[in-house]
Number of protein chains: 2
Amino acid sequence: MTSILLAIMGWDPKGWEQRFRALAPQHDIRVWPDAVGDPADIRYACVWKPPAGLLAGFPNLKAILSLGAGADDLLADPELPDVPVVRIVDPDLTMRMTEYVVLHVLMYHRRQRLYDAQQRERRWLEHSQPVASEVVVGIMGLGVLGTSAAQMLQRIGFKVVGWSRTPKALPGVEAFHGARGLEPFLRQSEILVCLLPATPATRGIVNLDLLHKLGRHGALQGAYLINAGRGALQVDADILAALEEGSLAGAVLDVFPTEPLPIESPLWGHPKVTITPHNAAQAVPQTLAMSVLQQIDRIERGHPPENTIDRAIGY
Amino acid sequence: MTSILLAIMGWDPKGWEQRFRALAPQHDIRVWPDAVGDPADIRYACVWKPPAGLLAGFPNLKAILSLGAGADDLLADPELPDVPVVRIVDPDLTMRMTEYVVLHVLMYHRRQRLYDAQQRERRWLEHSQPVASEVVVGIMGLGVLGTSAAQMLQRIGFKVVGWSRTPKALPGVEAFHGARGLEPFLRQSEILVCLLPATPATRGIVNLDLLHKLGRHGALQGAYLINAGRGALQVDADILAALEEGSLAGAVLDVFPTEPLPIESPLWGHPKVTITPHNAAQAVPQTLAMSVLQQIDRIERGHPPENTIDRAIGY
């Protein structure tokens, strides 16, 4: 019997606890903060936004498993124990993200906000509509999520370009990489989809300078931003400035440097901004608990865990 | 030199005329109503919503080519000459329709209207979200447009069922057909996408009785209607009644029995209705003119035209 800790902040841990107990009755499931027991028992910590310093209190940890796709909050803990940190990679999570990206690319491409406004005025007026093949979507971040979104957008007919830290090859996608590849990538991208991890190198990357470089080919109404990656990537004030000056036609933001987005943020009320509450790829215990428990089983059988974080690069 | 007539109502014929002249300088392009010349010259009539009786005035027509996907308006002309009537089938038109269907299925699936409302209230609140595989989309009409939409929705992860007049086989799609197949098809469909042609048999098919049969499996907020087929399929008053009584959670309507939708229609202001101005699959001369001219070339070379209307069944 292996002791597994669930330490979850910001989500209701109930569903996770039930699912872990149902799927792994052979294990001893402990739930922070009320039912931790002897910290020395804990071998695996399955966590979402645990308070900094918490994990240092478990001397016999073998691995830390994140219950969400991002791990930047975890790595920000200066006392994080020196054990493997495992990210979740799950087809369910990937497809939810793909749904979100496709939805918001199409909402802009098909000018749904304009047709909504016309409906409020009872106006029947058709506007000329480019075909998807005339529109270039740029995906920043070509990991599992970015690759899936890129492939689906291609199937719908969009031209897709990609950018990543290291070289990646994706059929049909012109792929750029590294600092030197960023500007040519941006110059082509009229709809920018940001799915990068938050690392010291990507912090604040979505700033006014970057937004000024986005392509304006004329097929759409201007450059457009979709950030469903991490809040730390974006500079809210720069996005607002780009919207105000007209260099950005609109933005869809699922993530923010501060979450929940503070009620006084001008992003909430901006007519060109769509805000969703960090739900682009909802982590649902029903399917994800199985992925996490499979990783624990791998480690228990002596195999190295998959999808571990490289602390040197931050994801 | 063959004389080709363009007779277009409700759209600006300019783009079509320019494109026809550019692509087919060897032909004699005439434009109704101002530059028809001798009616006896005209061999092909390329039309969109021509007035009833107009085409009877051309005694030497070899074929009538519709510039849009639907032909019900044409067939309603009691004096329609007895020559082949050709529908447009074009990959560009097909993909535009697929974009539209995918956009509106995802908007409902991802509860975008609810998140929009929350944004107006500056509310950060996540709702539980089914995965696409828990949601059944039913496609009525499995022609070129329905098949393309069905396949793309499947790739995104939705469960797709289909219904058509005659038996059709589509990989991965449970396909129903005919009068006896309608009810079992509807019972499964939680999001109903209507892409049927308007024929005497389908007129008014989207009525209260049909809407009552839609599936309510609990994964979504209730049954949902997307009609991007033809306006004659739907009974506006029945859709409103279904929305009012709660048997329908929402509707997206691109087509109406009367177009433009009259300003006094209560559909315009209904909070659960999305209205678009018959632009789900915009017919754009840039690409479609080539499809039409290719059909004319086929006939001129002695081959039978493709995608002809069967007047007995009405599409």
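## Rings, a helix face and a chain contact

Over all chains, the structure holds twelve aromatic pairs, where Phe, Tyr and Trp rings (six-membered ring for Trp) pair if their centres lie within 6.5 Å. This is a predicted model, with local features needing pLDDT of at least 70 and side-chain atom pairs pLDDT 80 or more, while totals for chains, interfaces and linings use all residues. Residues are numbered from 1 along each chain, chains are lettered from A in the order written, and side-chain values use heavy atoms, leaving out hydrogens and water.

**Aromatic rings**
- Tyr108(A) and Tyr224(A) are stacked, 3.9 Å centre to centre with 5° between the planes (stacked means planes under 30 degrees apart).
- This pair joins distant parts of the chain, helix α3 and strand β10, 116 residues apart (helices are DSSP runs of H or I, at least four residues, and strands of E, at least two).
- Both Tyr108(A) and Tyr224(A) are buried (under 20% relative accessible area, 1.4 Å probe, protein chains only).

**Helix α6 of chain A**
- Among the buried residues of α6(A) are Leu182(A), Phe185(A) and Leu186(A).
- The buried residues line one face of α6(A), because they fall within an arc of 145° seen down its axis (using directions from the axis to the C-beta atoms).
- Ala179(A) and Arg180(A), on the other side, are exposed (over 50%).

**Where chains A and B meet**
- The contact takes 54 residues from chain A and 54 residues from chain B (heavy atoms within 4.5 Å).
- Arg113(A) and Asp116(B) form a salt bridge at 2.6 Å, N to O (Lys or Arg side-chain nitrogen within 4 Å of an Asp or Glu carboxyl oxygen).
- On the side of chain A that touches chain B, α3(A) gives the most, with eleven residues.

Conventions:
Rings of Phe, Tyr and Trp (its six-membered ring) pair if their centres lie within 6.5 Å; planes under 30 degrees apart count as stacked, over 60 as edge-to-face and the rest as tilted.
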